[in-house]
Structure formats: structure tokens, C-alpha cells
Amino acid sequence: MDESIRQALIEIVGAQNYTNSLIDMVSFSYDASEHSGRPVCAVWVESAEQISKILQLANREKIPVVPRGAGTGLSGMAVPIKGGVVLDLTRMNKIVRISIEDRLAIVQPGVVYATLEKTLIPYGFFFPPDPASGKVSTLGGNVATNAGGLKGAKYGTTRDYVLGLQVVLPDGRIMKTGSKAMKSVSGYDLTRLFVGSEGTLGVVTEIILKINPKPTATSTALATFDELADAGSAINEIMYSGIIPSALEILGKETIIAINQNTDLNLPEVDAMILAEADGYTPEETDFQIKKIIAVFEKNHPKDVKLAENEKEVGELWAARKSAYGVLARIKTHFVLEDVTVPMTNIAPLLKGIQDISKKHQIQIATFGHAGDGNLHPQILYDGYDPDQVKRMEEATTDLFKLAIELDGTLTGEHGIGLSKAPFMTLEHDPVAMEIMRNVKKMFDPNNILNPGKMALEE
Amino acid sequence: MGKKYDFEEKYREQILQCSRCGFCQAVCPVYGATLRPALNAKGKMLLLKEVMDGKIDLNDELIETLFQCTTCANCFQNCPSGVPVMEIIKQVRKDMVSVGSCHPAFKGMNEVLKNHTNIYGENEPEDFERERNKKAEYVYFIGCVGSYREDESTMATLNLLDRLQVDYTLIDEVCCSGVLEDVGYEINDALAAKNIDRILHTGAKTVITGCPYCYRTFNNKAQYDQLLKEGIQVTHITQFLQDFDFGITTDKLVTYHDPCDLGRHCGIYEEPRNTIRKIATNFIELPANRENALCCGAGGGVRGAYAKNSIAMARRRLDQVEEVGADIVLTECNSCVHNLANARLRKQKFRIYNTTQFINELMEEAE
């Protein structure tokens, strides 16, 4: 990068907010995926105006710019694969306004999910889409990936809560989308276009979020099944029952075995374990719901069904689900955590198919996920320093994506395309849809400076 | 094939187990004060991965992050992959010292302890108006910070021990030198031998330490094994005090800051609270407490090497004190007292004490 460009960047953000030191460049090379790419420099930005100036400069000089939040993404979308400038947005971390009467919160993109959650507690409100990384992940990142979470079955994903945005476009223009009103059909829905756009169309600098009153009561139950098919029918019947569980999580056999090998939980090593939670405002309300769910479990040949009687038992039932990610992360040096999503009726066939893929490629795949919205997390475990295992992981991944599409599903429910799934975009999207997406990208970013190399937008 | 560095030999698997989930970022005090991801545990593990992959070298460019860790262990506490970050950092610092890349402050500390008895290189120890090296039931071991920086607190602690009629003696103590192990060097055998010799000379069966770091060093380091072999028990003042009745109480709103060395490193959470509840009728926990406590920013040599960030970390902890509205912050570590007191803003009217000093003050007022 030219010295003059470096100087111009320093002039915009100040020397203390510019870095090209090795330690920063290495830390900005990665997210939580298997990808990496070294940037040339990074800046910590503080305002939309600064970002506007940076993008004007980058657009003129045709330098890649990669917006970044906490870097917890699982598909490589914040990885500067084509070098360039990393735009670290974590210091734009102010909660601009909370208006309970209007049921909205206006935040800067660097606000951490948990910070907003904590700020809303005294009001008895919450922001429902809660990614597992919520302690660290930023709301800007959640918007860029359209993050989901455990409560997706009942409360949806980030997209369902974004009312409006302030965005800096790749040519430096600043644009507002949406409104503070609860509903709006005024023109094209530009807000939705940006949610989940992975930082390829613009840099989000302010977010208007809808917030919800927080239910004060929950009931929790757990069921285990010797046969995957029975677990599948139970899930189908819960959907039919009229109850919308606030969480409906499933753990596959491989995951249960891995948890048993690494903890003292002593879980039954069954084909599937389902954990259900109902929320509401009175115990009567949540009991009513959970009893209906339990009745469904009992009709479907469970090995065991348990209702949590108190806080301690709730903790015990959730312990297995919550330990899954950590336990699986310890087994091999590398893993990829996928997030294929299918219609709920296809969860059991998807789980079965994953077992077959695991056998076919002789690679360990442990699965858990959100049965309530059809979103499973097969975690493929491998040694990234063994070329043979890497090859088998890649083959298994390809089969997994094919399977998800065959089952009327999608490549990604909540992690995004990024780099990991870019090669598979055409599996899911027809040539017309791909062309439209590429044209949209060209319209916003004709010089392809913003987060280039992602989402298969360049072919 | 032999590995290039010892850290790789010992910790390769553990470093690669870091899944980059970033949970460490949520609790790392250095990150919290700087919002610079290269400085949290994930940033450090990534650098070490690149060193192992042969992409970068262990050199001066890495000092700023690898020597900027308070070893507070909050990352390890919250790591789903169980990466033993502090152990890895300690080993890497040794490797860096061996290739000649070390933070000058730590190199200086190692040099100072070759010729002096304390980390500050001071020649005139405070005498605390007490006879030293006499026969007694207990040895009270002050530690460097208590001897040379927080002497008022130490004097109060000794006065409290007198009020409680404890049969103790001070010794001509020297630095336990445990901190050297944290910053890339080895415990100084000569200093350890002096301490052991002087403790044994008093005939005491128990050493009470004022400093949680000295407590850890005496109990866990091979250089001090002889103390345990001779049947000497080493206890921290907070454990010692919990059995006493002080006969005083305060109605001020009191909170407690868990020092990392006492809490996460030794699992001592309840003893100080037992004592404080006896004397304070109004006790409130800080938002991050016990195993989740936020570090004061002083540990791991960071106060000496990165003073500005160290103070910024302490300010974040004091923000939590403000949040709960406490009048009094008690803790059990002179380093914490020192750093928190230095960071306190004029508008922050609460006071910061070691529990011993506070109790002594209350007893003095009651007399």
C-alpha cells in the first residue's frame, strides 16, 4: 500500500487508531472458521463520517475494505482474503437510545449482544435472537450474518427485529433505511437487503432494533429416544400441537457419546435427546405448554422423559446441551461447525443422512442443533494438519450441503455464506438468482472493494 | 523432529484447541481496557499458532501482547476448549527470554533481584517499629508491595495482629521471587533459600502471608518445598482471620474485590466473605465476583510494563464499585489495593482497603 494512502488513513482516524503492527495483522487475519488472510492495515473507526471518508479513499484507490465486529463468525466472512484494510467497528459501541414505549433500541454496530441484554433487564425487556456467541458478538455482526440462536423457533432471527439502518455505501454516501415505526411498506425493503449481506454492500453504522418484553416464567422438559425416527415424529407432532416452544434442541448420538467421554454427566447413549422449553408469564401458562409437549414425547416411544421440577433440575437438563460445543471443540485440533437448515419434517432424515456421510467418509461428525426451526449444527471434527483428513472433511461437507438442498433446505440457517460456503451457492440458487445477486453487488459496489471474495459474487 | 521452542513441545495440542470462539474476549481485562483483539487470549493463541506454522518468528514484535497479560486466568475460567492460557504464556515468555526478546521492565526486574532483596531495588526497608527474627508461633511475611508501597496498610495489619494478641514475628524477608516465573525467568534460588532459612530460624510452625502471590509461591513452587517438608503451614491472612471475633461492626455499604491470585488461582472465595460479613451488616457483591471477578490490572508484571493500560483496567473495576454504590471496597492483596487506589478518581468517594486495615481502623475507633 502506498505511503500516501497510509498517511491519508491516519489523517482520517488519527495515528492511535491506525495499525499495521504484526500482532494486530495476525489477529485480524482470522475469525472462528478455518480460513485466514492477512490484511495490510487496520483502523478503529468512531463515526459514519470517518467510514465515509475511508470508503471514498478506498473506492478511488480500489483497495479492499473488510468490516469487522468481534470476529466470532464461523464462515470466514470477516477474513480479509484479498488483503486491504480491516475496519474494526468494536469501538462504535454506544447504545444511542432505548425507548420502551416505542419498543425499540437504537445502537451502534459495536455494541456487544450481552451489553444490550444487560441494559434491557431493568426494563423487563430483551432482544430475542441470542447467538451462542452473544457474550462477545457485536450487534453489527449479528445484523451482517442475520444471526439466530436458541430461541429461533419462537422468536425468529435478527432479521425479524431490524426496523431500520444507517449504512455507509462503498462510494462513501450515507444512507438511512427503514424507520422507527413498527411497520412500514414504504418503498423497497432496503433494510432487509442489508441484513445478512455479510458486509458486501455497505457498512452498517446505526441499527434500529425492535425489542420484546421478557417472559418471566419457563418450564423445561427432556426426552430421550432410542430411534431417530421416533424423535423425528415427536418433533413433527409438537409442530402440530399448536405449542410454539421457546427452545427445542436436539442432540445426536455422536454428540452424546462425546459429552459422556469428557464429562461426568452419564447421559444415556441414545439416538437422540430432545430438550424443550416453554416460556410465558405465569407457571400455569408454561406448565400447560410443557405438559402438552410431554404428552407428545410420551406418545412417540421415548426411552425416558423428565420434567424439571426446580431451577437446579433445569440447570442439569441444560448442562448437556450447553457443554456440547466446548466438549466437541476439544476432541480434534480442527473442526467446522455447519448450520444446514431444513423444514422441520426433514430433521430426522437429515440426522440419518449425516450419520451415513460420517460412515462413508470415515470422519467424526457430531450433531446438535435447533430442532424447533430445523437448524442443525453438524460439527465435523478433524486434524487440519493431516491432508487426508482435510480431504475427507471437504468431501463430507460437500455431501452434507447436497443433502440439505435435497431435503428442501438451505446451506446456512444462521452463520452465513462467507468463504466456507461460497463454492456451494449455485447448489442452492438458480442461475437467475445468482445473476440478480451479482447485479445487486455491482450496483452498490462497482469496484468490488467491500469485503471482496465472499458469497460467490464474483464468478 | 524436535520442536523449535519449548512452548510448542509442551503445549502444541492445547494451543491448537483454541477454537477462536472469543469467549476470552468477553472477560479479558486487557481487551476490556483497550478493545484491541490482538491482546486477548485468542489473539495470543493465534500468534503462537502462526509461530508453530512457521509463518512468523518469536521476536520483539510479539512482546507487546505476549508480555501484556495480567495472568488473571479469567480466560481459562471461561474457555470452552480448556486452553491453559497462563501456563502457555509463562512458557512462551521463557522461550522469548531465551531468544533475547523480553520486555525491558521484566529483564530489569530479574537484574534487580540479582542484587537487591525486593522488586523495587530499594535499600532501606521500612522497620515497622517491630523486632524481627525472634522466636514466635507465627511468621508474618509481608511481601514486596506491602513492605515498600503499601506500608500504611501493612502497619495497620500488624497493629491488628497485636490487638488480637497473636504471637508473631517479622523476618528480614526478601522477595519470594515467584513473579520471575511469570515473566520469563526462574525463581531466584538464593532468595528462596534466605526466606526458608529465616523462617525456620524463628521456630514458627505457621507462616501468615499478607500477599496472595507469596502464598501461592510458598505453597506451590519446588524451591519452597522445604517449608512443607519441615511441617510449616503457609496460610494467607484472610484464612487466618476468619476464626476471630472482632467485636465491632459498621453499617457502611461494603463490597469485596476478589484478587485473582487468591480467588481463581487458589479457590479462596468464602474466607474473606466470612470475615467481612461479621463486621459489615451491609454487604454487597460486585457485578463480577468470585470466579468471574474482573482483574484490577496489576498482575503478571503489567503494572510495571504497561502502566497506562493497567490503570485503565483498574478504572473498569472501580466503575463496578460505583455501579453498586459501595462506600468501602475491601480486598486481600496489596497489589490490588495499590492499583485500585492509584486509579480512583477524585469524584469516587468510596475508600479502598485491605480487610485487615479496615478492621483495625474500626477497632481503633471503638476504643
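What radius of gyration does chain A have, and what would a compact globule with 459 residues have? Chain A comes to 23 Å, in agreement with the value near 23 Å for such a globule; the radius is taken over C-alpha atoms, and the globule rule is 2.2 Å times the number of residues to the power 0.38.

Before going further, a word on what you are looking at. This is a predicted model, in which local features need pLDDT of at least 70 and side-chain atom pairs count only at pLDDT 80 or more, while totals for chains, interfaces and linings use all residues. Residues are numbered from 1 along each chain as its sequence is written, and chains are lettered from A and ligands numbered from 1 in the order in which they are written. The predictor gives the complex an ipTM of 0.94 and a pTM of 0.95.

Let us stay with chain A. Its C-alpha trace spans about 70 × 60 × 45 Å along the principal axes, and its secondary structure consists of 15 helices and 18 strands (DSSP runs numbered from the N terminus: H or I of at least four residues for helices, E of at least two for strands). Of its 459 residues, 55% count as buried, meaning that 20 or more other C-beta atoms lie within 10 Å of a residue's own; with 12 or fewer a residue is exposed, and in between it is partly exposed, with C-beta atoms placed from the backbone.

Leaving aside residues up to four places away in sequence, A:Ile274 touches A:Ala223, A:Ala231, A:Ala234, A:Leu248, A:Ile250 and A:Ala371; two residues are in contact if their C-beta atoms, placed from the backbone, lie within 7 Å. For contrast, look at A:Ser99 in strand β5 (residues 95-99) of chain A. A:Ser99 is exposed because 12 other C-beta atoms lie within 10 Å. Its C-alpha atom is 9.3 Å from that of A:Ile211, 112 residues apart along the chain.

Now turn to chain B, which has 19 helices and eight strands. Its radius of gyration of 21 Å is close to the 21 Å that the globule rule gives for 367 residues, so chain B is as compact as a globular protein of that length. Buried residues make up 52% of chain B. The average pLDDT, the predictor's confidence in each residue from 0 to 100, is 96 for chain B.

Within chain B, the domain assignment (automatic or from a database) gives domain 1 (6-98) and domain 2 (250-366). Here 14 residues of domain 1 of chain B are in contact with 17 residues of domain 2 of chain B. On the side of domain 1 of chain B that touches domain 2 of chain B, α2 (29-34) and α5 (74-77) each supply at least two residues, and α2(B) gives the most, with five.

Finally, see how the chains meet: 25 residues of chain B are in contact with 22 residues of chain A. On the side of chain B that touches chain A, α1 (6-16), α3 (41-52) and α4 (63-66) of chain B each supply at least two residues, and α3(B) gives the most, with four.
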